[in-house]
Amino acid sequence: MNLVLNDTITASIEIQNFFSIIQKLYVYFALSGKRWKILTVILPVGGVTLKKVCSTRWSLRHQDISSIRFNFLNILKALTKIILMSKNKNKISEDKRLVK
């Protein structure tokens with residue numbers, strides 16, 4: 001079944017773009033301890049957090065999508081807080097691209 005799903009994802013540009021955005025969102029927060037802390041403070045205690053997209057296990061991809069689905073507003077709050085706190089104009093434009 002994983003092979004069928006992997007073939008499907010490679011055939012669809014929209015699905016590839018979707019998971020690429022999820023991966024970029026995870027990397028954005030994970031590369032900075034400061035940003036990750038802002039995110040974890042805003043997310044509910046014991047709730048699902050962002051995780052790296054697994055390229056082979058679809059059950060984990062489902063968890064990745066669920067974490068964004070249930071925490072979408074909190075993730076936007078964290079991004080907004082980071083943008084408001086940032087003093088670097090180049091960084092602000094990068095942050096705003098993630099919000100879009």
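Me: Hi! Which residues of helix H3 (residues 33-42) are buried?

Reply: In helix H3, the buried ones are Arg35, Ile38 and Leu39. They sit on the same side of H3, because they cover an arc of only 95 degrees around the axis. That arc is taken from the directions from the helix axis to the C-beta atoms. Buried means under 20% relative accessible area, exposed over 50%, and partly exposed in between (1.4 Å probe, protein chains only).

Me: And what does the face turned away from the buried side carry?

Reply: That face of H3 carries the exposed residues Gly33, Lys34, Lys37 and Val41.

Me: Where does this model come from?

Reply: It is a predicted model, where local features need pLDDT of at least 70 and side-chain atom pairs count only at pLDDT 80 or more, while totals for chains, interfaces and linings use all residues. Residues are numbered from 1 along each chain as its sequence is written, and side-chain values use heavy atoms, with hydrogens and water left out.

Me: OK, zooming out: how many helices and strands are there?

Reply: The protein has five helices and zero strands. Both are DSSP runs numbered from the N terminus: helices are H or I with at least four residues, strands are E with at least two.

Me: How much of the protein is buried?

Reply: Of its 100 residues, 31% are buried.

Me: Back to H3. How do the axes of H2 and H3 cross?

Reply: The axes of H2 (residues 13-30) and H3 come within 6 Å and cross at roughly 110 degrees. Axes are lines fitted to C-alpha atoms, for helices over the stretch in contact, and angles run from 0 to 180 degrees between N-to-C directions. The two helices are therefore roughly perpendicular to each other; angles under 35 degrees count as roughly parallel, over 145 as roughly antiparallel, 65 to 115 as roughly perpendicular and the rest as oblique.

Me: Which residues meet there?

Reply: From H2, Tyr26, Tyr28, Phe29 and Ala30 meet Arg35, Trp36 and Leu39 of H3. Contact means heavy atoms within 4.5 Å.

Me: New topic: Ile22. Is that residue buried or exposed?

Reply: Ile22 lies in helix H2 and is buried, with a relative accessible area of 6%.

Me: What is Ile22 in contact with, leaving aside neighbours within four places in sequence?

Reply: Ile22 is then in contact with Val53, Asp64, Ile65 and Ile68. As for Lys51, its C-alpha is 8.9 Å from that of Ile22, and the two are 29 residues apart in sequence.
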